[in-house]
Every structure is written in structure tokens, then in C-alpha cells.
Amino acid sequence: MNSMRHVNIELWEAYVRAEYWVGFPQDRILLHVGENAEGLARIAPMPFGYEISWAYLTAWNPGSVPHMEFVNRGRQEELELSLRGSGYGVLPGFSRDPTGQWPDEEGLLAFGLGWEHALTLGRKFGQNAILAGLGEGRVQLLRC
């Protein structure tokens, strides 16, 4: 079971400082915890307003324990199929540690996904935390 009591402060700080890139190579935006999600409306695959909830999730490296790439990709495909199958608008993404201590991880930003459901999915895929927001408001890091 992943809970915050098992996540040390250095790991949580790594989540906070990470760069979360969302969109396609020709049009991406950068999300940072604690900053506004500027540009999200421009790249949204659906009508988007300030009240639309969204969440950024990954299935890579459950519990922040490195797994082999093919395992991570399989889990990520399962997450994507679950989100798309439920009708959510989804954009690809990846997270990057600017210090280079952690490898890049693929992620997905799902529009219209309620935070409780997003946290449930995060827990299902063994994650310690997810990103969430409303419209282009402040990016929040939520503990799973």
C-alpha cells in the first residue's frame, strides 16, 4: 500500500520540482506544481473552461520504484485505455526531473476527470501522487 508515510520528503520534493509536459511535440505546455496551468485551454481536445477539472496521471514506476520499460508501457496503455474507454479527453505527457536524478516518465492529462476518481486511479496504478487542477488555475499535487 502506498501512503504518504512511506514517501520521504526528498521524494515529495522531487514530485514538486518535476516538469510536467503536456500535449503533442508541435504544441506542448509545461505544468509546475503551485503555478497556473497557462495554455491548457489552447491545447485541450474539447471545449474547456475555468471550471473543468483535470488530472495528470501516470502508471510508470509504481511507488517510485523503477520498473522495466516494457512493464511501464504496458501499465500506461492500460491506464490510457481505461480513461479513453470512459470517454475522457486525453493528452499525452511526460514528466522530467530537471536535476536528472529521476528518469523521464510518460503520463496522461485527462480532462473532466474528477479528483476523487483520479486519486482512485492513481492508487490502482500504485502511484504516490497525481497532479490536478481546475481550468488554467493552480496546479496541485495530491497524495494518493
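1. Glu69 and Arg73 pair through their side chains in a salt bridge, 2.7 Å from N to O. (A salt bridge here is a side-chain nitrogen of Lys or Arg within 4 Å of a carboxyl oxygen of Asp or Glu.) The two sit 4 residues apart in helix 3 (residues 69-85), so about one helical turn separates them. Helices are DSSP runs of H or I with at least four residues, strands are runs of E with at least two, and both are numbered from the N terminus.

2. Keep in mind that this is a predicted model, where local features need pLDDT of at least 70, side-chain atom pairs count only at pLDDT 80 or more, and totals for chains, interfaces and linings use all residues. Residues are numbered from 1 along each chain as its sequence is written, and side-chain values use heavy atoms, with hydrogens and water left out.

3. Arg73 also has a salt bridge to Glu106, at 2.0 Å from N to O. Glu106 belongs to strand 5 (residues 105-111) and Arg73 to helix 3, so this pair ties together parts 33 residues apart in sequence.

4. What about exposure? Glu69 is partly exposed at 46% relative accessible area, Arg73 is partly exposed at 35%, and Glu106 is partly exposed at 27%. (Buried is under 20%, exposed over 50%, partly exposed in between, with a 1.4 Å probe and protein chains only.)

5. Further along, Arg84 and Glu80 form a salt bridge, with closest N and O atoms 2.8 Å apart. Both lie in helix 3, 4 residues apart, about one turn.
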